[in-house]
Amino acid sequence: MKAFLDELFIKEKLENLYNEDNNIAYKTLLELETITAESNELYNYFSEVLKMLSNSKTFVRVRGFRLICCLAKWDTENKINTNIDMILSELEDEKGTSVRQCLEKLSLILMYKIELTDIIENKIKNLDLSKYKESMQSLIKKDIESILEH
């Protein structure tokens, strides 16, 4: 019975990530990130999280990206490796704030998926930042430099 309840719980949480109320969705994201830090329960739902990257709403895509980064710790089947190009494409988002949120979690993939370091570093070094305001460009550059330093 517990496994069934856990499945319902997780499915409900994943649905909440699409909630129009950003406060509810963000709170759920933080809750799932905490769960993922301690357990691999969400890894069974990797494909559902990956689908979030195809959503038309930026916030939904960012939530998916962040959770994928958190799942790197549990990625024994190399699902991140297989989908790395699709995952990293979120770093090309039109909204600089979204890119910054993604960059903030990218270190988790680098920590657990060392074999992807070259691909990730190449991607972030070659991002076209010209589409963002100058103030946002400098913030994103600092984020990238911070990732590359580690």
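Is C70 buried or exposed? C70 is buried, with a relative accessible area of 10%; here buried means under 20% relative accessible area, exposed over 50% and partly exposed in between, using a 1.4 Å probe and protein chains only. Welcome to this structure, a predicted model in which local features need pLDDT of at least 70, side-chain atom pairs count only at pLDDT 80 or more, and totals for chains, interfaces and linings use all residues. Residues are numbered from 1 along each chain as its sequence is written, and side-chain values use heavy atoms, with hydrogens and water left out.

**Cysteines**

- A search of the whole structure turns up zero disulfides, a disulfide being a pair of cysteine sulfur atoms within 2.5 Å.
- For C70, the closest cysteine sulfur belongs to C69 and is 6.9 Å away, which is too far for a bond.
- C102 is in no disulfide either, as its nearest cysteine sulfur, also that of C69, is 7.2 Å away.
- C102 is buried, with a relative accessible area of 0%.

**Salt bridges**

- The structure holds 13 salt bridges, each defined as a side-chain nitrogen of Lys or Arg within 4 Å of a carboxyl oxygen of Asp or Glu.
- One of them joins E31 to K13, with the closest N and O atoms 3.0 Å apart.
- This pair links distant parts of the chain: E31 sits in helix α2 (residues 22–38) and K13 in helix α1 (residues 2–16), 18 residues apart. Helices (H or I, at least four residues) and strands (E, at least two) are DSSP runs, numbered from the N terminus.
- E31 counts as partly exposed at 29% relative accessibility, while K13 is buried at 12%.

**A network around E33**

- E33, R66 and K105 are linked in a network of salt bridges.
- The side chains of R66 and E33 meet at 2.8 Å, N to O.
- R66 lies in helix α4 (residues 58–71) and E33 in helix α2, so this pair ties together parts that are 33 residues apart in sequence.
- The side chains of K105 and E33 meet at 3.6 Å, N to O.
- K105 belongs to helix α7 (residues 96–112) and E33 to helix α2, 72 residues apart.

**R63, a charge without a salt bridge**

- R63 lies in helix α4.
- R63 is buried yet has no salt bridge, and the nearest side chain of opposite charge, D21, is 8.0 Å away. For charge, Lys and Arg count as positive and Asp and Glu as negative, with His and the chain ends not counted.
- A polar atom of the R63 side chain lies 2.6 Å from the backbone oxygen of L17.
- Leaving aside neighbours within four places in sequence, R63 is in contact (heavy atoms within 4.5 Å) with residues including L17, N19, Y26 and M52.

**The largest nonpolar core**

- Of the 42 residues in the largest nonpolar core, I80, L91, L103, L106 and I109 touch the most other members. A nonpolar core is a set of buried Ala, Val, Leu, Ile, Met, Phe, Trp, Tyr and Cys residues joined through side-chain atoms within 4.5 Å.
- Elements giving two or more residues to this core include α3 (46–51), α6 (84–88), α8 (117–125) and α9 (134–149).
- The largest share of this core, seven residues, comes from α4.
- Leaving aside neighbours within four places in sequence, I80 is in contact with residues including F46, I68, L71, I87 and I109.

Methods:
A polar contact is a pair of N or O atoms within 3.5 Å; within protein, one must be able to donate a hydrogen and the other to accept it, and residues adjacent in sequence count only if both atoms are side-chain atoms.
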